[in-house]
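Please consult the sequence and the structure as the answers proceed.

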Amino acid sequence: MIVRRLAPGQDLKKALEDIRDDEDLKSGIILCMVGSLQDAVLRMADGRVRVVKGPLEIVSATGTLATNGVHIHLAVADKEGAVTGGHLKTGCLVHTTAEICIAPCDLVFRRVFDPETGYRELETE
């Protein structure tokens, strides 16, 4: 298991990519993530990008790390407890901390463009 704590100001998506690269991960699965963000930049189900103003608590995260991409869905709660979720985009800066646990996997994950969906989707080798 890989366990990391991110510091204030780190970009969450970039940090996950750096962890993957530093650990030479061929695949990884997010087991848990807790912490806080200054703001959240999320892609919604209809494809539009939404910025959720913080501070925000990370209440859930799930996804995969592949050799050529990460696919993370994130749920964050505002100061009133209202939850917003979506696909993690660059620009989610850590507020106080982000604690991340990643399980390496024996398979090799990679993301391959799928013309039907318009996105790079998960494949295994």
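Q: How are the positive and negative charges of the chain placed relative to each other, by mean position?
A: In this predicted model, the chain holds 15 positive and 19 negative charges, and their mean positions lie 4 Å apart.

Q: What makes the chain as compact as a globular protein of its length?
A: The chain has 1 helix and 8 strands, in the order β-α-β-β-β-β-β-β-β from the N terminus. Its radius of gyration is 14 Å, and the globule rule gives 14 Å for 125 residues; the two values are close, so the chain is as compact as a globular protein of that length. Along the principal axes, the C-alpha atoms fill a box of roughly 45 × 35 × 20 Å.

Q: Why is threonine 84 called buried?
A: The term applies under 20% relative accessible area. Threonine 84 has a relative accessibility of 14%, and therefore counts as buried. This residue belongs to strand S5, residues 83–88. Beyond four places in sequence, the contacts of threonine 84 are Leu42, Met44, Arg50, Val52, Leu74, Ala75 and Val76.

Q: Why does cysteine 101 count as buried?
A: The cut-off is again under 20%. Cysteine 101 has a relative accessible area of 16%, so it is buried. Cysteine 101 lies in strand S6, and its contacts beyond four places in sequence include Ile29, Ile30, Leu31 and Cys32. Val3 is also one of these contacts; cysteine 101 and valine 3 are 98 residues apart in sequence, with their C-alpha atoms 4.6 Å apart.

Q: How many residues does the largest nonpolar core hold, and which of them touch the most other members?
A: The largest nonpolar core has 29 residues, of which Leu12, Leu16, Ile30, Met33, Leu74 and Ile102 touch the most other members. At least two core residues come from each of strands S1, S2, S3, S4 and S6 and from helix H1. Strand S2 contributes the most, with 6 residues. In soluble globular proteins, nonpolar side chains tend to be buried together.

Q: Which residues does leucine 74 touch, beyond those up to four places away in sequence?
A: Leucine 74 touches, among others, Leu12, Met33, Leu37, Leu42 and Ile58. Thr84 and Leu88 are also among the residues that leucine 74 touches.

Q: What share of the contacts between residues at least 6 apart in sequence joins residues at least 24 apart?
A: Of such contacts in the chain, 62% join residues at least 24 apart.

Technical notes:
Residues numbered from 1 in each chain as written. Predicted model: local features only at pLDDT ≥ 70, side-chain atom pairs only at ≥ 80, totals over all residues. Heavy atoms only, no water. Helix = DSSP H or I, 4+ residues; strand = E, 2+ residues; numbered from the N terminus. Rg over C-alpha atoms; globule rule 2.2 N^0.38 Å. Contact = heavy atoms within 4.5 Å. Lys, Arg positive; Asp, Glu negative; His and termini not counted. Charge placed at Lys NZ, Arg CZ, Asp CG, Glu CD. Core = buried A, V, L, I, M, F, W, Y, C linked by side-chain atoms within 4.5 Å. Buried < 20%, exposed > 50% of the residue type's maximum accessible area, 1.4 Å probe, protein only.
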